[in-house]
Amino acid sequence: MPTFSLPEPVMGAEARLRELGLVLPPAVRLPAGVVLPFAMVRVVGTRAIISGHGPQAPDGTLAGPLGKVGEVGKVGGEVSPGAAHSSARLVALSVLGSLRRELGDLDRIRAWVRVHGMVNAAPGFTGLPEVINGFSALILDVFGPEIGQHARSAVGLAELPWNIPVEVEAEVLIRD
């Protein structure tokens, strides 16, 4: 029976983050009174399953552009696709921060398996893939095409928590 081995990175993800000048945010600071009864990253064997993450500011708070309470903040409406693409990059940094806290080192990641991107979309907005490309491009920049390549969905939803423009969940393979 043939064996399958995952490639080793040419440059580690930790070194690539430094080279790109990217800084990962601390654990998310949620709105007052919010408690999340689940893990942001759940390791099961050689897999790390990543719960839905939103964009974070450098201080760990949720980053904009956020719709105001009682107002609509939809991508393709009040939020431009370009601003949402930038938010998707912030989501990638948020996910990487959670992975580093759970794994201790991003170089333990052997392969990105799948990414499920969700966009707080205005009715009729179909530029969902371009928005989630912000997430995918950052992952590919940090991990390269061998490890960073992933299967992906990009869907539009009527609402996302706290009016965030983008949320992403994912799964990676890790070294023991």
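## Terms and basis

Contact here means that heavy atoms lie within 4.5 Å. The structure is a predicted model, in which local features need pLDDT of at least 70 and side-chain atom pairs count only at pLDDT 80 or more, while totals for chains, interfaces and linings use all residues. Residues are numbered from 1 along each chain as its sequence is written, and side-chain values use heavy atoms, with hydrogens and water left out.

## Lysine 74

Lysine 74 sits in the loop between E2 and H2, where helices (H or I, at least four residues) and strands (E, at least two) are DSSP runs numbered from the N terminus. With a relative accessible area of 8%, lysine 74 is buried (under 20%, with exposed over 50% and partly exposed in between, for a 1.4 Å probe and protein chains only). Apart from its neighbours within four places in sequence, lysine 74 is in contact with Val79, Asn120, Ala121, Ala122, Ala158 and Glu159.

## Helix H3

Helix H3 covers residues 128-148, and its 21 residues place the end C-alpha atoms only 20 Å apart, short of the 30 Å that a straight helix would reach at 1.5 Å a residue (the expected span being 1.5 Å times one less than the number of residues). At valine 142 H3 bends by about 90°, the angle between axes fitted to the seven residues ending there and the seven starting there; proline 145 follows within four residues.
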